[in-house]
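Subject: Structure for your review

Dear colleague,

Please find below the structure that I am handing over to you.

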Amino acid sequence: MSPELAQEATGRPTGDGTSLVHAVNVTKSFYGNQVLKGIDLDVHEGEVVCLLGPSGSGKTTFLRCINQLETINGGRIWVDGDLMGYEDRGGTLHRLADKKIAAQRREIGMVFQRFNLFPHMTALENVAEAPVHVKGVDKKTARAEARELLERVGLGERCDHYPAQLSGGQQQRVAIARALAMKPKLMLFDEPTSALDPELVGEVLEVMRELAEGGMTMIVVTHEIAFARDVADRVVFMDGGVVVEQGPPREVIAKPQHERTRAFLRRILAEQHESPEPSPDAINE
Ligand SMILES: Nc1ncnc2c1ncn2[C@@H]1O[C@H](COP(=O)(O)OP(=O)(O)OP(=O)(O)O)[C@@H](O)[C@H]1O
Ligand SMILES: [Mg+2]
């Protein structure tokens, strides 16, 4: 279906008709400093997109714009056909009421570098809290679902532990379960493993891999190149507020087209003592 047809059929633009996320020419400035310089990105349902890029390139800002934690200065973002944060009245955008924005945000799960669990609540209570207080799910159902989710992230035995009694990796898995408890259409991850001790990274990535295999649509900002290579359907490399290149991991990671991508990957892979596949030379071709 052409974009025009997709729009005509639903009244709501969805890129090529199958995009869950459809971002067009998104710009964002902080105090005159333009951080996003026109980002276009489509993410299809069930797709896993890894967002790579150097520090300050705008990755977090872009995720926060999708989720309306930041307002955008230009462009538009649709999630599942909903224009995020705004209503389009005859071509003019009007900011939605906070309540409506909160409702849009509930459809999107976000996992941050720091897990920010409530310290005075057990793992189970942390996961059950939003469904009860935000969605009005009855307590018994929410607790049963929370238990299932904690089992799914390998923490069935830790339901009654408080965050302080859990390792960083376990806390991050609780945070993932907490986001999933709202039954989101889309999951955004912002460097979910970068605050963890190296030996705890794998268990969190494993949960994310399972989530991806289960068909969740995910945008993952990460420096874990091996994860991106193995799990992503597409890798998007950002630098200086623009998308420099994107494509299947085998292309972007193994044979990047742009010098900026090559330089970034060289640096990251050297830090991670990893060699790109299929051979280190591929990157210099
Ligand atoms: N609230 C803010 N106020 C002012 N400037 C900001 C704000 N948030 C981000 N910036 C600036 O926007 C730019 C992009 O930041 P952003 O956090 O999106 O980058 P990033 O790609 O996520 O980097 P990192 O890999 O370090 O997390 C940076 O120059 C940052 O200083
Ligand atoms: Mg960031």
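The notes that follow cover the surroundings of the ligand and then a sheet with its neighbouring helix. Please bear in mind that this is a predicted model.

Ligand 1

The shell around ligand 1 consists of Phe30, Tyr31, Val35, Glu191 and the residues Pro54, Ser55, Gly56, Ser57, Gly58, Lys59, Thr60 and Thr61. By class, four of the shell residues are nonpolar, six are polar and two are charged. Helix H2, which spans residues 59–66, makes the greatest contribution to this shell, with three residues.

Oxygen atoms of ligand 1 take part in several polar contacts. A polar side-chain atom of Thr61 is 2.5 Å from a ligand oxygen, and an N or O atom in the side chain of Lys59 is 2.8 Å from one. At Ser57 a polar backbone atom is involved, at 3.1 Å from an oxygen of the ligand. Of the 630 Å² that ligand 1 exposes when taken alone, the protein buries 61%.

Four strands make up an open, antiparallel sheet, in the order S2-S1-S4-S5. Its edges are strand S2 (33–44) and strand S5 (82–83), each of which pairs on one side only. Strand S1 (residues 19–30) and strand S4 (residues 74–79) run antiparallel and are joined by five bridges; Ala23 has Ile77 in S4 as its bridge partner.

Yours sincerely

Note on methods: Residues numbered from 1 in each chain as written. Chains lettered and ligands numbered in written order. Predicted model: local features only at pLDDT ≥ 70, side-chain atom pairs only at ≥ 80, totals over all residues. Heavy atoms only, no water. Near = heavy atom within 4 Å. Polar contact = N/O pair within 3.5 Å; in protein donor to acceptor, adjacent residues only side chain to side chain. Areas by Shrake-Rupley, 256 points an atom, 1.4 Å probe, with all protein chains shown as cover. Helix = DSSP H or I, 4+ residues; strand = E, 2+ residues; numbered from the N terminus. Nonpolar A, V, L, I, M, F, W, Y, C, P; charged D, E, K, R; others polar. Pairing = 2+ DSSP bridges.
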